[in-house]
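Colleague: Before we discuss details, could you put the model on the screen, so that we can go through it together?

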Amino acid sequence: SHAKEILHCLKEKYFKELQDLEVDGQKVEMPQSLSWYPEELAWHTNLSRKILRKSPQLEKFHQFLVSETECGNISRQEAVSMIPPLLLNVNPHHKILDMCAAPGSKTAQLIEMLHADMNVPFPKGFVIANDVDNKRCYLLVHQAKRLNSPCIMVVNHDASSIPNLQIDVDGRKEVLFYDRILCDVPCSGDGTMRKNIDVWKKWTTQNSLQLHGLQLRIATRGVEQLAEGGRMVYSTCSLNPIENEAVIASLLEKSQGALELADVSSELPGLKRMPGITKWKVMLKDGQWFEEWKDVPSNRQTQIRPTMFPVKDEDKLKAMNLERCLRILPHHQNTGGFFVAVLIKKSPMPWNKRQPKVHQKLPQRTGDTEVTAANSDGSESITEEPTLAENEESKKMQELQNSDTEQSKKEGVCGPPPSKKMKLFGFKEDPFVFLPEDDPLFLPIQKFYALDPSFPKMNLLTRTQEGKKRQLYMVSKELRNVLLNNSEKMKVINTGIKVWSRNSDGEQFGCAFRLAQEGIYTLYPFIHARIINVCIEDVKILLTQENPFLSKFSSETQKKVKGMAMGSIVLKYDPDPEKPDDLQCPIVLCGWQGKTSLRAFVPKNERLHYLRMMGVEVFKAKRKEEESESKTEEEVQHRLAQTEEGMDVEDKEHNLVTQMEAEIGEESSHSPVESSTMEVENKIEDLDQSSKNANSYVSQKSKDTDTSDVKD
């Protein structure tokens, strides 16, 4: 419903203002909706980044884009890179793996699809988003955090050897197979030649020859972890067949019929596409061409591999249906170049049907099923059939090995994996500690907010083992299962959304934890007390005034507040279908009720978002020559600009970072670590201190931005 409101706002306001607009003597082209993207939810603009940032006439539109992107309400992305998630056909119950996920635009689409029904706070499915680069993982966290989902986990692994995960199914450990896998592999990027000038300077056939092996290993690891009947989408932003059809053909050949290319010609009507090709040659850097592997001289056989050549057997080639792959060419619809193939798994991979080689690696204990074994090439293989029970000796050895792990599982602690098993790069992550069933912390919260008996308190976690718990996070029960059973083999960067923050003032009113706006849409269905239904005029007051007196609100709101104790509250707006001109999507805000006032605890960009949707003008020009800006600005803007006293440090830093990003013209999709990623455990009362922290943080951020090269 929020997406529909933003679309309405874009069409009725922002696009209309762009009509007949001229910038530097050129007429501005109107944004167009992408005909192949469902429900008009994707739009294309020809405005360059430079024009958007520098033109005073477009400043209002640019501010809208930056602010709404920060909130997670829109994503700015290359049009063709939106295709793979659409072709995955995701349902809310699907377990999804995104193998090479950074910078995270496609991951955001996947999360959005899981939450197709906003009335279901915890979809049964989840997204595990992986990236090999530790720094880019934080960029990924920043992108995913905007969507406030309890069903996303960011992990840091080499996709070509990402470990098999186990889950508990009715007290029995089983291997986790994914229903959907997105395999958007690293590529030479030669399809981005229209926007990426470097491609013209640096392109060489060597790029593809070097990447082919890695792409094939990642895709192979993906299909190994795919459930039978599951769908994997392989994609690159390259047009070179060595990176595309050669990888798919090789994968199909070694699958021996376990995989097939899906025919997606009827999906995404309106998308202009070319069929996959079946014939190509391989070229060396010096311009030598080869049609077959047998023609390659022995001194070149390390650079050129047999899997790079097309299949010669005509019958085999026909059975592969390579023409079912999609090739998107830049000039067909003014996009980047792109390649997509959709694979369906019909049966286990042939190399997974063997019994594991127990002598090479101690099997994981899972009752009567062994889960992993070392393959001859060092990668893990998955047994898909139960094998013989383990002998007593190996059981004892395994018990000794797992005793520490079991102990921490009992305590609900998921720490980082031991360094002996894996070289850890990047930051040392805090552990994920689930709240014990009998934790005294939870009772006052349950009582204060009258939480429903169905509330899944087992899914609450903190990021600290000792000392005061300052933030409480929430994950879905499926992700809890994954976390508890795999903490020793998986490097988790981030998971869970913040639902409560400690607030020392609240203790005297019966609850030391206030609600956090990030998690309010997840929590709201379980809360039965401290809810105040407000009208649209009340919402405007809450979002434009810093600490409004109760007397400013409608008489209905004043009546509801009278009998309520001070402390954290929920403010709910329900649309009235009989007033179509009013905002037509429900809003849930976190607030605080004082003795004589009522206020909203909402981050700045989210405030601006709701005000825009209600038709309130929030544009604020940034011009240095306007010395008396604060005097001449509307009262609304003046109040919005004030620091939100009482909000925790994370929100303050978030606002400062956003403000600076807007000023230096950083695009949010390129900004790596967000302050919410590095969880701020100590609340700093002194505002000056928090400003210093945020400023030093931004300077660190801009250094990171230079080094992170953004794939999409």
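Colleague: Does Asp131 count as buried or exposed, and at what relative accessibility?

Modeller: This is a predicted model, in which local features need pLDDT of at least 70 and side-chain atom pairs count only at pLDDT 80 or more, whereas totals for chains, interfaces and linings use all residues. Residues are numbered from 1 along each chain as its sequence is written, and side-chain values use heavy atoms, with hydrogens and water left out. Buried means under 20% relative accessible area, exposed over 50% and partly exposed in between, with a 1.4 Å probe and protein chains only. Asp131 therefore counts as buried, at a relative accessibility of 7%.

Colleague: What is the mean pLDDT of the chain?

Modeller: The pLDDT is the predictor's confidence in each residue, from 0 to 100. It reaches 70 or more for 76% of the residues, and the mean for the chain is 80.

Colleague: Which residues does Gly104 contact, leaving aside its neighbours within four places in sequence?

Modeller: In the UniProt record, an unreviewed entry, Gly104 is among the positions given the feature "binding site"; such annotations may be inferred rather than shown by experiment, and their positions follow the numbering used here, with feature names shortened. Gly104 is placed in the loop between β5 (95–98) and α5 (105–114), where helices (H or I, at least four residues) and strands (E, at least two) are DSSP runs, numbered from the N terminus. With contact meaning heavy atoms within 4.5 Å, the partners of Gly104 are Leu140 and Gln143.

Colleague: In β17, which residue is the bridge partner of Met232?

Modeller: Two strands pair if DSSP finds at least two bridges between them. Strand β11 (residues 226–236) has nine of its 11 residues buried, and six bridges join β11 to the antiparallel strand β17 (residues 338–345). Within β17, the bridge partner of Met232 is Leu343.

Colleague: How many residues apart in sequence are the parts that the pair of Phe15 and Phe61 ties together?

Modeller: Rings of Phe, Tyr and Trp (its six-membered ring) pair if their centres lie within 6.5 Å, with planes under 30 degrees apart counted as stacked, over 60 as edge-to-face and the rest as tilted. Phe15 and Phe61 form an edge-to-face pair, 6.4 Å centre to centre with 70° between the planes. Because Phe15 lies in helix α1 (residues 2–18) and Phe61 in helix α3 (residues 59–71), the pair ties together parts whose separation in sequence is 46 residues.
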